[in-house]
Amino acid sequence: MPLTRSLFAEDLAQDEAQPYLWTLNFGPQHPATHTTLRLVLKLDGERVVDVIPDIGYLHSGFEKLGESLNYNQYVTVTDRMNYISPMANNVAWHMAVEKLMGIEVPRRCQYIRVIIAELSRLTDHLLCLGAMGLDLGAFTHFIYAFNPRETIYDIFEALCGARFTNSYTRVGGVMRDITPEVIQMIRGLLAEMPGVLHDMERLLARNRIFVDRTQGVGLLTREEAINYGCSGPVARASGLTRDLRRDEPYLAYADFDFKVCCAREGDCLARYRVRMAEMWESIKIIEQALENLPAGPVNVGPGARTILPPKGAVFSTIEGLISHFELVMTNRGFEVPCEEVYLATEAPNGELGFYIVGDGTQTAYRARCRPPSFIHFALFPHLIRGHTLSDVVAVLGSLNIIAAELDR
Amino acid sequence: MTIAETLAALNERFASLASSEFRGQTRVVAPAESLYDALELLKNCCGFDLLVDITCVDYLRYRGAKERFGLVYLLANTQSNERLTIRTPLDAAEPMVRSVVGLWAAANWLEREVWDMFGIRFAGHPDLRRILLPEEFTAFPLRKDYPLQGLGERHNFPIIRRAES
């Protein structure tokens, strides 16, 4: 992909005026960008004078697809947005759809959704922090962080049959109830996690090299965080105490006791610390949810005509077959109002929201995703200006940019 | 300010802003000419300091729709945690509204994405280029008259071979 014409013109004009500057192309295929994104850096020796982010390499038209896939089918596409924490995307999408249709899911389903959302927060933060350490030269730390992710993916596999692209939620419920075996596995993970987090902290939190490379790098003040629309750990590391789990309690988050982790410094180290602290809170939330997991149905009843029946019932009973066809036949289906809703959730990366326009059919008229990575990457030139070239990876790692979500 | 006070302040300043509520969300419809002033008022006087999202909906095939586009601004208040949706109907052949980059830096990329996908221009935007699609792209793919499978852009995309580069 060539640089756009306007960028070229701008570059050439600047180069003539400042012949000592040189331009460095970073990405799109560079290991430290993690995924496909590109930065055109203008350097004065080692110092970054300016940076032009160039994105769109992974644009796959997810929002256009949302206008042709029905409300249950589209969940498979949300898996592919932030593929580090697909369960959180599933939950966000179907919560938005349920808000549009006015469906209230049972308590057990809410608890299960909280558990999987927090598990995906763990996977996301583990990968983000592991990769951040990796980029700054701490390879061992990456392995320590990656190991428990394997356990979490095993849990997801036992829960829904897929490790990465889970597509676990459905309109009005989830694909399958949580089983005692899965609960046992989650308890095993919870027993393992404190040791992992202590190991990670001991490896990195006071590591001289890591602290020197992250402290005071990529400073973001509270006012700037608001002005740039930041959310999630990035905003909280700058002192903006905004956490949708506490401020706009959705699902069953109002039932749990957890802290909103914040820092004042607003640098890369603060973002690292906030993510680290959030994992402890996630463990607490999962523990409480497992302790108090309500009994009862996991899905909205078949009478409400909102949830697809289990496949076993479809193939073996006439009632199951009828209620299946009541939902999938072209002249049947969900009752969707001609309205517009926006629903935001606190995804691991920040505020993940869906703006859905319903038009009475089984397909969203418009399915806008508000991706946290997109908002946070717009901030990148502001954070890196004046720092050195080696700080690019530190800042990039601390923002946790997922290009599939960035470009959609 | 609460939502009710905000709506009162908006109605006091701008004569007839239609507002509605659906599932606990308040929406205000602001005409394009008073959009910037309304957003400025909301940001500076009513405490809606966080721009959550800017998006657009093409109502070409929407039953009962009068205007072609609806430009949607999602705002939030970081103090009271309230949210407000501002919608602006746009119906020109080449729709244009005033950019809000001066109010929120977050609007920069969001407005570029709306331009990229819907072809709505933002007057006063510092750098209104396509963001997700290549600059050579001519269509606006999230418009409803653009087919799902594209107009052959993918098939005809120029490939530079190593020998030619």
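**Figure 1. The loop position of A:Gly61 in the predicted model.** A:Gly61 sits in the loop that connects E3 with helix H2 (62-65) of chain A, where helices (H or I, at least four residues) and strands (E, at least two) are DSSP runs numbered from the N terminus. Because 19 other C-beta atoms lie within 10 Å, A:Gly61 is classed as partly exposed; on this scale a residue is buried with 20 or more other C-beta atoms within 10 Å of its own, exposed with 12 or fewer, and partly exposed in between, the C-beta atoms being placed from the backbone. A:Gly61 and A:Arg408 are separated by 347 residues in sequence, yet their C-alpha atoms are 6.2 Å apart in space. The model is a predicted one, in which local features need pLDDT of at least 70 and side-chain atom pairs count only at pLDDT 80 or more, whereas totals for chains, interfaces and linings use all residues. Residues are numbered from 1 along each chain as its sequence is written, and chains are lettered from A and ligands numbered from 1 in the order in which they are written.

Figure 2. Chain A is divided into domain 1 (5-54) and domain 2 (62-300 + 335-407), with bounds that come from an automatic or database domain assignment. The C-alpha centres of domain 1 of chain A and domain 2 of chain A are 31 Å apart. To their contact, domain 1 of chain A contributes 16 residues and domain 2 of chain A contributes 19 residues, two residues being in contact if their C-beta atoms, placed from the backbone, lie within 7 Å. On the side of domain 1 of chain A that touches domain 2 of chain A, strand E2 (38-44) and strand E3 (47-54) of chain A each supply at least two residues, and the largest share, five residues, comes from E3(A). The residues of that side comprise nine nonpolar, four polar and three charged; here Ala, Val, Leu, Ile, Met, Phe, Trp, Tyr, Cys and Pro count as nonpolar, Asp, Glu, Lys and Arg as charged, and the others, Gly among them, as polar.

Figure 3. E2(A) and E3(A) run antiparallel and are joined by seven bridges, where strands pair if DSSP finds at least two bridges between them. A:Val40 has A:Ile52 in E3(A) as its bridge partner. Two residues lie between the strands of this hairpin, in which A:Gly45 takes a positive phi near 70°.

**Figure 4. The surroundings of A:Phe210.** A:Phe210 belongs to helix H8 (residues 208-214) of chain A and counts as buried because it has 22 C-beta neighbours inside 10 Å. Not counting residues up to four places away in sequence, A:Phe210 touches A:Gly133, A:Leu136, A:Ala138 and A:Leu204. A:Phe210 and A:Thr78, by contrast, are 132 residues apart in sequence and 34 Å apart in space, C-alpha to C-alpha.

**Figure 5. The interface between chain A and chain B.** The contact brings together 31 residues of chain B and 38 residues of chain A. Strand E3 (50-58), strand E4 (69-76) and helix H3 (107-118) of chain B are the elements that give two or more residues to the side of chain B that touches chain A, and E3(B) provides the largest share, six residues. The residues of that side of chain B divide into 19 nonpolar, six polar and six charged.
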